[in-house]
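Please look through the sequence and the model before reading the points below. They are written as a colleague's note, to be checked against the picture.

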Amino acid sequence: MVRGKIEIKKIENVTSRQVTFSKRRSGLFKKAHELSVLCDAQVAAIVFSQNRRLYEFSSSGMEKTIERYGKFSNEYFVPGRPQYEELCLLHLQ
């Protein structure tokens with residue numbers, strides 16, 4: 001069975017949007033876990049819902065991953081990319 005393409009736009013129906021968010025969040029975290037296991041990669045994902053609820057996945061501890069990102073980020077600054085301090089503040093909120 002071939003799945004049809006969907007148009008990527010905001011889902012107007014609140015219930016459908018919440019169901020889609022939940023399913024896609026689960027799928028994202030599953031893929032992140034698979035990537036970490038299959039490739040021995042250190043992976044972290046942070047997602048905020050429309051209701052400002054925090055969801056996170058980390059293959060080896062969120063603080064450890066953010067700290068590592070901070071060290072890398074400060075060495076290789078890229079304009080427009082969230083920097084270490086911003087991520088720390090987000091994680092602590």
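How many salt bridges does the count come to by the rule used here? The count comes to two salt bridges, where a salt bridge is a side-chain nitrogen of Lys or Arg within 4 Å of a carboxyl oxygen of Asp or Glu.

1. On the basis of the note. This is a predicted model, in which local features need pLDDT of at least 70 and side-chain atom pairs count only at pLDDT 80 or more, while totals for chains, interfaces and linings use all residues. Residues are numbered from 1 along each chain as its sequence is written, and side-chain values use heavy atoms, with hydrogens and water left out.

2. On the pair in helix α1. E34 and K31 meet through their side chains in a salt bridge, with an N to O distance of 3.9 Å. Because these residues are three apart in helix α1 (residues 14-39), about one helical turn separates E34 and K31; helices here are DSSP runs of H or I with at least four residues, strands are runs of E with at least two, and both are numbered from the N terminus. K31 is exposed, at 57% relative accessible area, whereas E34 is partly exposed at 28%, given that buried means under 20%, exposed over 50% and partly exposed in between (1.4 Å probe, protein chains only).

3. On the pair in helix α2. The closest N and O atoms of K71 and E67 are 3.6 Å apart, and the two residues form a salt bridge. They are four residues apart in helix α2, so about one helical turn lies between K71 and E67. K71 counts as exposed because its relative accessibility is 52%, while E67, at 41%, counts as partly exposed.

4. On a buried threonine. T65 is located in helix α2 (residues 62-75), and T65 counts as buried because its relative accessible area is 12%. The side chains of T65 and S58 are joined by a polar contact of 3.3 Å, a term for a pair of N or O atoms within 3.5 Å, where within protein one must be able to donate a hydrogen and the other to accept it, and residues adjacent in sequence count only if both atoms are side-chain atoms. Apart from neighbours within four places in sequence, T65 is in contact (heavy atoms within 4.5 Å) with Q42, A44, S58 and S60.

5. On strand β1. I46 lies in strand β1, which covers residues 44-48, and I46 counts as partly exposed because its relative accessibility is 33%.
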